[in-house]
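Here is a short briefing for a first look at this structure.

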Amino acid sequence: MPRTPANAQQVEIEYDTFGDPARPTVLLIMGLGQQLTSWREESCEALAGRGFHVVRYDNRDTGLSTFLDAGPRPDLRAIMEGDPSSAPYLLGDMALDALSVLDALGVERAHVVGVSMGGMIGQQLAIDHPERVLSLSSIMSRPGDRVSGNATPEAGALLLRPRPEEREAAIEAGVATLIALGSPGYPEDPAELRIRVAAGYDRSNRPDGFLRQFAAILASPDRTAALHGVTAPTLVLHGAADPLIDRSGGEATAKAVPGAELVIVPGMGHNLPAALWPLIADAVTANAARASAD
């Protein structure tokens, strides 16, 4: 896969593409600790089949992109108590990484689709660089107001537990997490989940990057007021049964963006089950069409 230098922090970003580069680009941004492969190939091919040039990439501190491990560990408690100084970067820096991928591909404007933390990065991209965003789809995300989109105690504990480094333990923990956060209306086969988690481990296992990304989320400012200025057609899609970022996160995001379309999906948790991908692809495609109509 190709890599591109990102910004002044000397980050290189790994990415790949699907479909015809002459078609409108959809930039897929994945969530906390997740690699680009969490956008499954069949999902990317489905979007490409709808007439898009599809781009997915590893955020910094995941997958095959640069790991910023030279500095001290972030102090999450201090960040949550109002001192963000130990966060090595913010979501705004990660938005610049996204731009670097578009720049490397010669893409002037893209339809931006982000999941969870990726939705936060997409929101920041639409705020800071509106000229580069044709449309925004914010999925299972939140605006950073510290009030909406809270986790259940059980789901929140999953974020703070130690992350195993040994292969079998890491795979078992990964599968357990996916099941706990998954969609009760669309359960996935544990054996298939294990295959995917194992493949992700074998591609790259660096649990230290998760902590730095989490610090970036916590240290970044509330986007609510700035989202009032977003003019790109915006889709906000959220699971009614999301235990990690409850539906109020999606509702608050949609309320903040003028004219945003809110879609609450019954039975959907904090994942992208294959059974729901046609619905998600339809919604993303319809939102992109709103940009074309404008």
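Arg167 is partly exposed, with 31% relative accessible area; partly exposed is the range between buried (under 20%) and exposed (over 50%), taken with a 1.4 Å probe on protein chains only. This is a predicted model, in which local features need pLDDT of at least 70, side-chain atom pairs count only at pLDDT 80 or more, and totals for chains, interfaces and linings use all residues. Residues are numbered from 1 along each chain as its sequence is written, and side-chain values use heavy atoms, with hydrogens and water left out.

**Salt bridges**

- The structure holds 19 salt bridges; each is a side-chain nitrogen of Lys or Arg within 4 Å of a carboxyl oxygen of Asp or Glu.
- Arg167 forms one of them with Glu168, at 3.3 Å from N to O. Glu168 is partly exposed too, at 34% relative accessibility.
- Arg247 and Glu251 form another, and their closest N and O atoms are 2.9 Å apart. Both residues sit in helix 10 (residues 247-256), and because they are four residues apart, about one helical turn separates them. Helices here are DSSP runs of H or I with at least four residues, strands are E runs of at least two, and both are numbered from the N terminus.
- Glu251 is partly exposed at 31%. Arg247 is partly exposed at 35%.
- Asp16 pairs with Arg56, with 2.8 Å between the closest N and O atoms.
- Asp16 is buried, at 12% relative accessibility. Arg56 is buried as well, at 2%.
- A network of salt bridges links Asp61, Asp69, Arg206, Asp208 and Arg212.

- How many residues of strand 4 are buried? Five of its five residues are, so the strand counts as mostly covered.
- In a regular strand, side chains alternate between the two faces of the sheet.
- His53, Val55 and Tyr57 point one way from strand 4. Val54 and Arg56 point the other way.
- Strand 2 pairs with strand 4 in the antiparallel sense, over four bridges; pairing requires that DSSP finds at least two bridges between two strands.
- Asp16 has Arg56 as its bridge partner in strand 4. The side chains of Asp16 and Arg56 also form the salt bridge described above.
- Strand 3 (residues 25-29) runs parallel to strand 4, and four bridges join them. Val26 stands opposite Val54 of strand 4.
- Strand 3, helix 1 (residues 41-49) and strand 4 make a right-handed β-α-β unit. Right-handed means that, with the strands pointing away from the viewer, the path from the first strand over the helix to the second runs clockwise.

**Strand 6 and its neighbours**

- Strand 6 (residues 133-139) is mostly covered, with six of its seven residues buried.
- Strand 5 (residues 110-115) runs parallel to strand 6, and six bridges join them. Gly114 has Ser138 as its bridge partner in strand 6.
- From strand 5 the chain passes through helix 4 (residues 117-128) to strand 6, in a right-handed β-α-β crossover.
- Strand 7 (residues 234-239) is joined to strand 6 by four bridges, and these two strands run parallel. Leu235 in strand 7 is the bridge partner of Ser137.

- How do helix 6 (residues 167-181) and helix 7 (residues 190-203) cross, and at what angle? Their axes come within 9 Å and cross at roughly 130 degrees. Axes are lines fitted to C-alpha atoms, for helices over the stretch in contact, with angles from 0 to 180 degrees between N-to-C directions.
- Helix 6 and helix 7 are therefore oblique to each other. Under 35 degrees counts as roughly parallel, over 145 as roughly antiparallel, 65 to 115 as roughly perpendicular, and the rest as oblique.
- Arg161 lies in the loop between helix 5 (153-160) and helix 6. Arg161 is partly exposed, at 22%.
- The C-alpha atoms of Arg161 and Glu81 are 19 Å apart, and the two residues are 80 apart along the chain.
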